[in-house]
Amino acid sequence: MSTFTITTLNGVSYAFILFLLAAGFSLTFGVMGVLNLAHGALFMMGAYFGLAIVARLDTFWLGVLIAALGTGLVGLGIYYFFLRHLYGKVPEQAVLTIGLGYAFANIVLWIWGPFAKMGMTPSLFTGVVRVGTLAFPIYRLAIVGIGLAVLILLWWMQDKTRVGAIIRAGMDNKEMTRSLGINYGLVSTLVFLFGAALAGFAGMLGTPILGAFPSMGDALLLLTLMVVVVGGTGYIQGTMLGALIIGLLDTFGKAYVPEIALFTSYMIFLVVLLIRPSGLIGRKVF
Amino acid sequence: MAAQPRPGIFTGRLFTRKAVAVPAERSVRSFIPVVLPVIVIGALLLLLPTFVPSYIQSLVTKMMIFALFGVSMNILWGYGGIPTFGHAAFFGFGGYACGILIIHGGISNFFLNLVLAIALTALLAAGLGIPAFRVYGVGASDNPIYFLLVTLAFGELLVRVAITARSLTGGSTGLAGIPYPQLDVLGITINSRSFYFLVLIIVVVCFFIIYRIVNSHYGYALRGIHDNERRMQALGYNTWLYKYTSYILAGAFGGIAGVLFAYFGGVMIPGTMGMAMTDIVFLIVILGSASVYFGPIVGAVVIVGVEYLASLYVPDRWPLIMGAIIVVAIMVIPQGIGVLLLDLWRRLIHGST
């Protein structure tokens, strides 16, 4: 019984890491229709930026902030110089951002070397909670809390604020939104910056659990794609649903049927894509 | 009928994708602009091994293999307008099929091996094509994002399968020890020089077949689907079948490139089926230009050449250089080097016009 509880807890906390990972991507892909496959690399860079700050100043939360700012700026650069000019050219966006992802991984490799680094848990959240005879780290619970906060923030932004309304309007009809006198270009640039910053934020928060190594972007990108596609594009609650499904399935798969666990997420991903390409909840973006 | 080419238009872009109306000219005029360069390049390639060192010979072998890889992908992207992101899956699968047949199947005959590997790759493409084109829809060349994701997932799924099925594929360290092809039947032993000629022959034959395919009625129908799929449907074409068969064709030719690559390197690693490889082949096509038949060949020569130079001087910075090439290819010369070369060549032929 307590194994089951621990597995569930692990699954849920993993799901929230996935949510944080995918939230930024969901924002730019699902809402703006821009495919940024460098997202995994941005996550990885966030982890390295944050760890560099921690190594010098030894403050975890400043590291998180700098990670978010740094990757936000990198993302802004990607959008401003490249993706802005490639609207509607999806294959070109994909080729470009995959290539940039590898280039970033190479730069990080150049600066920080190939070896994996682990982040230290911030002192606020060290320690474990006892569940029956087993222990569960507090940091993972904190991740759940932070994930929930981000979810609520994004949900609120999407449904209640003017920015959210502009984005939703732009999703339906870009020209009409522009002709109403709204500076859609500025809004989408800011949204892209925010999405990239979320990747870096999540990257630093993930370091005590996932660590950081230059080639981690690939696997994380695929996870992100799965989460966003399974849950549904266009709504942040869809991303949460997708993260829960993939996170729980993956954790339970690894715990109970390890021999096929590598494929369970892929299978779900393919099945959902083939039956409902727009995801479980969500609307067809394209 | 609308897809039937109208002859006689030599103005504008000769082989461009949009120019549905222009077939390959068979008049005398096309001798100098089209046939002559092919003959010159062919002769150069035939004579090459006699006057260059062996590392250049092996570099050119690799260029030819990747050129075939790029041209096979261009059947889909350049002619059909279908942006697959899992084309490397067929390349890698063909190579793995070849290697597994030799090492575990004990099939040493080169031709049997090649035919079996092609058949298996085509079968895989036929299997994957059915679900993939379910999400492609009609006229999706403007919004192919789900097709792109599905094909990407196929490739990555195959990578995971190759990592897991260790007894067959050698796991993540790869399938090593693939020997040079055996051509004892013809009384030839294959070394690096005769392998160069073997690759040259196979690649040229494949180029010729693909050229005939894309310039046949079938190829023009494919271009028609690229331009306006609804109209092609209204004209009575079963567009799904065209797209589906072109996917299988491209997969099979990609598989041939993979087989040659397996012999060339002697080792297959799971990554050859994944996202990174697909990105390289897509780059080869975009850099060389998708709208010209020989575009991917130019792209392959440039990319493989630069990769070789990078491996000599800055071996650790190849991804960075590749990223830079991608940025240049997409942002600076989106039409591709092939179109630039074609314009230059025309200017040379026709004077200053």
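Leaving aside neighbours within four places in sequence, Leu20(A) is in contact with Gly147(A), Val150(A), Ala202(A) and Leu205(A), where contact means that the C-beta atoms of two residues, placed from the backbone, lie within 7 Å. Leu20(A) lies in helix α1 (residues 2-31) of chain A; helices (H or I, at least four residues) and strands (E, at least two) are DSSP runs, numbered from the N terminus. The model is predicted, so local features need pLDDT of at least 70 and side-chain atom pairs count only at pLDDT 80 or more, while totals for chains, interfaces and linings use all residues. Residues are numbered from 1 along each chain as its sequence is written, and chains are lettered from A and ligands numbered from 1 in the order in which they are written.

- Leu20(A) counts as buried because it has 24 C-beta neighbours inside 10 Å; a residue is buried if 20 or more other C-beta atoms lie within 10 Å of its own, exposed if 12 or fewer, and partly exposed in between, with C-beta atoms placed from the backbone.
- Leu20(A) and His85(A) are 65 residues apart in sequence, and their C-alpha atoms are 28 Å apart in space.
- Leu109(A) has its place in helix α4 of chain A, and because 17 other C-beta atoms lie within 10 Å, Leu109(A) is partly exposed.
- When its neighbours within four places in sequence are left aside, Leu109(A) is in contact with Pro114(A) and Pro214(A).
- Between the C-alpha atoms of Leu109(A) and Ser123(A), which are 14 residues apart along the chain, there is a separation of 29 Å.

**Helix packing in chain A**

- Helix α2 (residues 39-57) of chain A packs with α4(A) at an angle of about 20°, with the axes 9 Å apart; axes are lines fitted to C-alpha atoms, for helices over the stretch in contact, and angles run from 0 to 180 degrees between N-to-C directions.
- That angle makes α2(A) roughly parallel to α4(A), since angles under 35 degrees count as roughly parallel, over 145 as roughly antiparallel, 65 to 115 as roughly perpendicular and the rest as oblique.
- The residues of the contact of α2(A) with α4(A) divide into 8 nonpolar, 2 polar and no charged; Ala, Val, Leu, Ile, Met, Phe, Trp, Tyr, Cys and Pro count as nonpolar, Asp, Glu, Lys and Arg as charged, and the others, Gly among them, as polar.
- Helix α9 (residues 216-231) and helix α10 (residues 236-256) of chain A pack at an angle of about 120°, with their axes 7 Å apart, and the crossing of α9(A) and α10(A) is right-handed.
- By class, the contact of α9(A) with α10(A) has 9 nonpolar, 4 polar and no charged residues.

**Where chain A touches chain B**

- In the contact between the chains, 31 residues of chain A are paired with 33 residues of chain B.
- On the side of chain A that touches chain B, the elements that give two or more residues are α4 (90-112), α9 and α11 (261-275), and the largest share, 14 residues, comes from α4(A).
- By class, this side of chain A has 25 nonpolar, 4 polar and 2 charged residues.

**Inside chain B**

- Chain B has 14 helices and 2 strands, and 46% of its 353 residues count as buried.
- Helix α3 (residues 87-103) and helix α5 (residues 145-164) of chain B pack at an angle of about 30°, with their axes 9 Å apart, which means that α3(B) is roughly parallel to α5(B).
- The crossing of α3(B) and α5(B) is left-handed.
- Ser289(B) lies in the loop between α11 (275-288) and α12 (295-313) of chain B, and has a positive phi of about 95° although it is not a glycine.
- Ser289(B) is buried, because 29 other C-beta atoms lie within 10 Å.

How values were computed:
A crossing is left-handed if the near helix is turned anticlockwise from the far one by less than a right angle, and right-handed if clockwise.
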